Amino acid sequence: MLRYGIPSFRLERNVLDAEIDVLKELGVLFRCGVEIGKDVTIRQLREQGFDAIYLAVGAQKSASLGIPGEELKGVWGGIDFLRRVNSGACPHLGRRVVVVGGGNVAIDEVKRFIADKELARDTRFVPKKLYDFSDRK
């Protein structure tokens, strides 16, 4: 989540890498891409001698707004979009973009679009709480 769910202007990648290196030097063992219950169980980890186990959430899925059309091409959830951009797979957006939301992810994306005119030339922000989706199809 730190690498793919937070824009680099909030958390610089070199700072994140340095912090991870400090933890490794302290003896922290990282096992990325492991699904607890599928690849390994808590019991197996205990049997391997681990006294403490920290389960990190990873880059979770975007929340649905529950509105018609959000499954259409060109509509992305905030976390899914951040993951794509931060992994180097930024989708083509076109000239006009609207960001619907109200949390940090929405605000971060508005900042990114305004700062990078290659991503979007005309960016609009609609606070989710102020927009009435009831009559939209």
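User: What do buried, partly exposed and exposed mean?

Analyst: Buried means under 20% relative accessible area, exposed means over 50%, and partly exposed lies in between (1.4 Å probe, protein chains only). This is a predicted model, where local features need pLDDT of at least 70, side-chain atom pairs count only at pLDDT 80 or more, and totals for chains, interfaces and linings use all residues. Residues are numbered from 1 along each chain as its sequence is written, and side-chain values use heavy atoms, with hydrogens and water left out. Take F81: a relative accessible area of 4% makes F81 buried. W76, at 33%, is partly exposed.

User: How many aromatic pairs are there?

Analyst: Rings of Phe, Tyr and Trp (its six-membered ring) pair if their centres lie within 6.5 Å; planes under 30 degrees apart are stacked, over 60 edge-to-face, the rest tilted. The count here is one aromatic pair. The ring centres of W76 and F81 are 5.8 Å apart and their planes stand at 55 degrees, so this pair is tilted.

User: Which faces does strand β1 have, covered and uncovered?

Analyst: In a regular strand, side chains alternate between the two faces of the sheet. Strands (E, at least two residues) and helices (H or I, at least four) are DSSP runs, numbered from the N terminus. In β1 (residues 96–101), V97, V99 and G101 make up the covered face. R96, V98 and V100 make up the uncovered one.

User: Which strand pairs with β1, and in what sense?

Analyst: Two strands pair if DSSP finds at least two bridges between them. β1 pairs with β2 (residues 122–127) in the parallel sense, over six bridges. V98 stands opposite R124 in β2.
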